[in-house]
Amino acid sequence: AGWTQYCEEFGGGTQDPSRHGFAFLCRVIKDLGLPASEGSHERLIQRVKQYQRKATGSDENAWSNYCTENGTEGVFDPSFYGEEFLRDALEVLEQESAKTSVSDDLVNEVKELQKNSTVANDAWMEYCELKGRGVFDPSRHPPGFLRAALKFVTKAIDYVNEIKKLSREGRRDDWKEYCDYYGESIYDPALHTTEFLEGALGYLKQNQIVHNNVAQPSAALQRRNESDVCTRLRTLQKRHPELSQLWRNYCDENGNGIYDPSRHPESFVRDALYHLRF
């Protein structure tokens, strides 16, 4: 009963001991008052040494950092420390190592998408501009950011494919009309921002589209509000990479360092484009 209850409270309900880390099992023995097997201290020492041999990247200094912060500064020999210290250290190190492994997997997934898809690479850069303060190196972002970015990138790829499909199904003229009015007559969906594509899809999926022979946008387009100045900015950023840095500089000087155009008044974005000669 003690093992079952302990697993429910501290082990996520997992009762299979083979699915728990070594440090967790040692703590169970201590907390439940179970007799420790002979040589348990030596096994803890060997476990730390094994961790040190296998550690890579940011984990390489984890043991020495833990000793400096929680043990005796400058003493890194695990045999110097007692069982309780080693158990606590292993529990922390194994948890941090698991987080690092997840982060590394996400970073590799982002890099793989960037390498294999221009659309994915552009969407990643767009998301970093919006949410990541213009930092494009995936290894410099936490796992939560990377997961959200991957969803954004996947959505961008889906949008491009959906627009191409709708164009093949007879909606190409409607797509071109939307691009003429909002997208500087750029008809390749891969050259537009995700926000632009989302708006375009909403327009293309409407069943009531007014066609006429006058060189003006349809009624559906005219009903859209002026928030599309943000879409225009992002489209220009995609076509002119140098604008991204100019926009950030402008925001640093005039907009409290806020780079997301949707968080500024439309007049601010229009003034910025005028000031930056775009």
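## Aromatic pairs

The count of aromatic pairs comes to 14, with rings pairing if their centres lie within 6.5 Å. Keep in mind that this is a predicted model.

Take tyrosine 178 and phenylalanine 196 as an example. Their ring centres are 5.2 Å apart and their planes sit at 70°, so this pair is edge-to-face; the cut-off for that label is over 60 degrees. Tyrosine 178 belongs to helix 7 (residues 143–182), while phenylalanine 196 belongs to helix 8 (residues 194–204), so the pair ties together parts that are 18 residues apart in sequence.

Are these two residues buried or exposed? Tyrosine 178 has a relative accessible area of 2%, so it is buried. Phenylalanine 196 is buried too, at 0% relative accessibility.

Elsewhere, ring pairs join Trp63, Tyr66, Phe80, Tyr81 and Phe85 into a cluster.

## Arginine 248

Now for arginine 248, which you'll find in helix 11 (residues 242–254). With a relative accessibility of 12%, arginine 248 counts as buried, because the limit for buried is under 20%.

What does its side chain touch through a polar contact? The partner is the side chain of glutamine 245, at 2.6 Å. If you set aside neighbours within four places in sequence, arginine 248 is in contact with Glu129, Gly134 and Tyr259.

How values were computed. Residues numbered from 1 in each chain as written. Predicted model: local features only at pLDDT ≥ 70, side-chain atom pairs only at ≥ 80, totals over all residues. Heavy atoms only, no water. Phe/Tyr/Trp six-rings, centres within 6.5 Å; stacked < 30°, edge-to-face > 60°. Helix = DSSP H or I, 4+ residues; strand = E, 2+ residues; numbered from the N terminus. Buried < 20%, exposed > 50% of the residue type's maximum accessible area, 1.4 Å probe, protein only. Polar contact = N/O pair within 3.5 Å; in protein donor to acceptor, adjacent residues only side chain to side chain. Contact = heavy atoms within 4.5 Å.
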